[in-house]
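These notebook entries record what I looked up, step by step.

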2 protein chains.
Amino acid sequence: MKKIAVMGFGVVGSGVVELCDKNAASIRRRAGVDVQVKYILDLRDFPESPYGEMVIHDFGTILNDPEIAVVAEVMGGLEPAFRYSKELLCAGKSVVTSNKELVAQKGAELLRLAKEHNVNYLFEASVGGGIPIIRPLHMCLAANEINEIAGILNGTTNFILTKMIREGMSFAEALALAQQLGYAERNPAADIEGTDACRKICILASLAYGKHVYPQEVHTEGISNITLRDVQYAGDWGGVIKLIGRARRLPDGRLSVMVSPAFISHESQLATVDDVFNGILVRADATGDVVFYGKGAGKLPTASAVVGDVIDCVKAEHTIQSLSWSDSAADTVCDYRQTPACFYLCCRGAKAVQAVRNVFGSVRFLHREGAPAEEAAFITPEGTEAQLAAQIKQLESGGTEILSAIRVLDY
Amino acid sequence: MKKIAVMGFGVVGSGVVELCDKNAASIRRRAGVDVQVKYILDLRDFPESPYGEMVIHDFGTILNDPEIAVVAEVMGGLEPAFRYSKELLCAGKSVVTSNKELVAQKGAELLRLAKEHNVNYLFEASVGGGIPIIRPLHMCLAANEINEIAGILNGTTNFILTKMIREGMSFAEALALAQQLGYAERNPAADIEGTDACRKICILASLAYGKHVYPQEVHTEGISNITLRDVQYAGDWGGVIKLIGRARRLPDGRLSVMVSPAFISHESQLATVDDVFNGILVRADATGDVVFYGKGAGKLPTASAVVGDVIDCVKAEHTIQSLSWSDSAADTVCDYRQTPACFYLCCRGAKAVQAVRNVFGSVRFLHREGAPAEEAAFITPEGTEAQLAAQIKQLESGGTEILSAIRVLDY
């Protein structure tokens, strides 16, 4: 019998407790012993819950109970989760988490502490909810060099984009529906501005390349400027617009990491990842493209990943050495302006088509029904982000207004 | 420094040796030590190969070398692979394999031997080539009850079906092209008759449900009878034909395991798995549907899975307890005739439509351009396989000829 503690009795926390109860038999088979929740740490009381008796308010109870060897941190946020996690690891207890903010900001430090104390800090639930991605990336693909990772990492924005693409809803309408259905929070900024996706690609990049990639190093654009006009042009181009987090290693060894909306071809496996689902494509040298698909959020999917990690901690006698990365130097991530890109641009002006040709040369123009005569949409040639920004400026200074600029990817 | 041996220097074996050489640095980072190939066992000599000096012909050299702790068995076939694997495990050496035939027939026994000798028998490469599936299934999804698994598990047949669907090739033409491109062997029976897919679903089912499922217990149908007429009707129904291996647990605890061509809706993630790619859908109680996609075969994808397992063996000091299943009783797998199904039927006869209505009641008829007047295609109501077989017989005895019968699935 192994006893665990759950810190945070919100959506994910209650899922963890339920799952340990409901699937106790199969968990026992996989873990080799019974796994039982002993404490639930929360500020609130839950007199109505069947698990209400386990609820405690004092973190010290968990920290000082020698019977607790594994703790699930599902509180979210940086503090007090960071301090608690540090103290638990230093006390020789393994910690598993769904807290992407914490892993993205403090992963290197927490993994180092885990190693020093011969315990584990696992975070399968921090990316892709119930989709197995952390473990496959560092174990199953261990024999590969990872060339690139690209993912639809945020279910809320993917739901909004899907509604815009399939049902012609405006961004505002789709966001309102997402909020009504509980997919988006009342303050949806972390989702729609790309912050959430940014944390997740930081975790994947850190794991794949062995050096901590911090969110503040990653150029991040959200989807709030995407219009139905862009959706139509993407269709004419032969694809859809998705919010993509991506990371790749440049020839000089630095990393390119970015979050932005992007045109994705209908042929891509990512193009069919719709609604609140997530999809993560890993391009590795030996396996080629591998794609992982599933529910990227939600109570039970996320809880299932947390409990999977609990089982691993119960089984592991030592630190799982391979699951770690080092802190990074300032130049690990390349300035995005130096990286190559290709854009869809939509612009408006009296002689827009001629102006585009003057600046970009021969390009592929796109079409949509009902476009005003002064509108021109096209795909730029490839250049560095800085070159393209300069060309866009040139277009603007000639009197052509830029309505949209969205990257075009080849995943 | 850990030294390994590779048994079999064919396509996969040469990929394993190459990968250990080429990606030595990242393998060292993941394994914690250098991993070096010391022996390659093969009947042949390879004087032209840069690795020719490692080639040996005597299995005893590997068995008796205390420096060898891990052996990659990539010979294929039951014997001598089975005997060699047993002897290695009993001698305290871990074995990793891509040999699906051996795992599907003897997995329970080899896993038991590994456990008895506190070493590992790993087989990530036996299903889905380079796609991580074995480890995610038994580790990441460990907190779940697995309700169903359905997969496109054979790249050759998927290539043939894709050519029929996309380019209107006949089965014979598509098979000839697959052979020309090296995707299909000169004797393609193991692929097109479903034998290969059957071995793989046996491995997945055994792992998911903890009891050995033997190939001979699994009703298996191949794709050699699929016609372009069927492809057209599938399109009218709203989907495509794929060869699907599937396993699910029935309410009484027994398993339903089957391989057959099936109608799959365009909405399914499996419908977009084309060409030689594989896709595996796992329907679990907490995560919902999770899909794994990638190259299911080929030298480097398969080698990457083998080397990933080698790295795991190097790191693991003991048997990974959760990766095992027990031998099974005769009634583990339910007779397929007792399981529920739903069919697309295509038939021919003077009064086919009326005959269909008489036997099946009100059904959904399908249409295709240029269908002869006497042809009728439709979707049956759901029934047990036995009931449906009886109804088909009734139709035939009334003078209606059955041209095709293909199951309709809801993945």
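**Entry 1. Salt bridges.** I note here that the model is a predicted one. With that rule I looked up Lys22(B) and found that Lys22(B) forms a salt bridge with Asp285(A). The closest N and O atoms of this pair are 2.8 Å apart. I then took the total, which is 3 salt bridges between chain A and chain B.

**Entry 2. Elements and residue types at the contact.** I next asked which elements give two or more residues to the side of chain A that touches chain B. I listed the helices α1 (11–22), α2 (24–31), α6 (134–140), α10 (195–209) and α12 (299–315), together with the strand β12 (288–295), each of chain A.

**Entry 3. Extent of the contact.** How many residues does the contact take from each chain? I recorded 53 residues from chain A and 53 residues from chain B. For the area, I noted that the two chains bury about 4,200 Å² between them. Of this area, 51% is on carbon and sulfur atoms. I also looked up polar contacts across the interface of chain A and chain B and found 20 residue pairs, with both residues at pLDDT 80 or more.

**Entry 4. Relation of the copies.** I superposed chain A on chain B by a rotation of 180° with 0.0 Å of shift along its axis, at an RMSD of 0.0 Å. The two copies are thus related as by a two-fold rotation axis. I then compared the two sides of the contact: 100% of the interface residues of chain A are also interface residues in chain B, so the copies meet through the same surface.

**Entry 5. At the axis.** Which residue of chain A comes closest to the rotation axis? I found Phe292(A), whose C-alpha lies at 2.5 Å from the axis. I followed this residue into its strand and saw that β12(A) pairs with strand β12 (residues 288–295) of chain B in the antiparallel sense, over 3 bridges. The bridge partner of Phe292(A) in β12(B) is Phe292(B).

**Entry 6. The sheet of chain A.** I traced an open sheet of 6 strands in chain A, with parallel pairing and the order β3-β2-β1-β4-β5-β6. Its edge strands are β3 (55–56) and β6 (121–122) of chain A, each pairing on one side only.

Entry 7. In chain B I read an open, parallel-paired sheet of 6 strands in the order β3-β2-β1-β4-β5-β6. I looked up both neighbours of β1(B) in turn. Strand β1 (residues 2–7) of chain B pairs in parallel with strand β2 (residues 35–41) of chain B over 6 bridges, and Lys2(B) has Val35(B) as its bridge partner in β2(B). With strand β4 (residues 68–73) of chain B, β1(B) pairs in the parallel sense over 5 bridges. Val6(B) stands opposite Ala72(B) in β4(B). Lastly I noted that 2 bridges join β5 (residues 94–97) of chain B to β6(B), with Val96(B) opposite Leu122(B).

Conventions. Residues are numbered from 1 along each chain as its sequence is written. Chains are lettered from A and ligands numbered from 1 in the order in which they are written. This is a predicted model: local features need pLDDT of at least 70, side-chain atom pairs count only at pLDDT 80 or more; totals for chains, interfaces and linings use all residues. Side-chain values use heavy atoms; hydrogens and water are left out. Copies are superposed by least squares on the C-alpha atoms of residues with pLDDT of at least 70 in both. Contact means heavy atoms within 4.5 Å. Buried area is the accessible area (1.4 Å probe) that two parts lose on being put together, summed over both. A salt bridge is a side-chain nitrogen of Lys or Arg within 4 Å of a carboxyl oxygen of Asp or Glu. A polar contact is a pair of N or O atoms within 3.5 Å; within protein, one must be able to donate a hydrogen and the other to accept it, and residues adjacent in sequence count only if both atoms are side-chain atoms. Helices (H or I, at least four residues) and strands (E, at least two) are DSSP runs, numbered from the N terminus. Two strands pair if DSSP finds at least two bridges between them.
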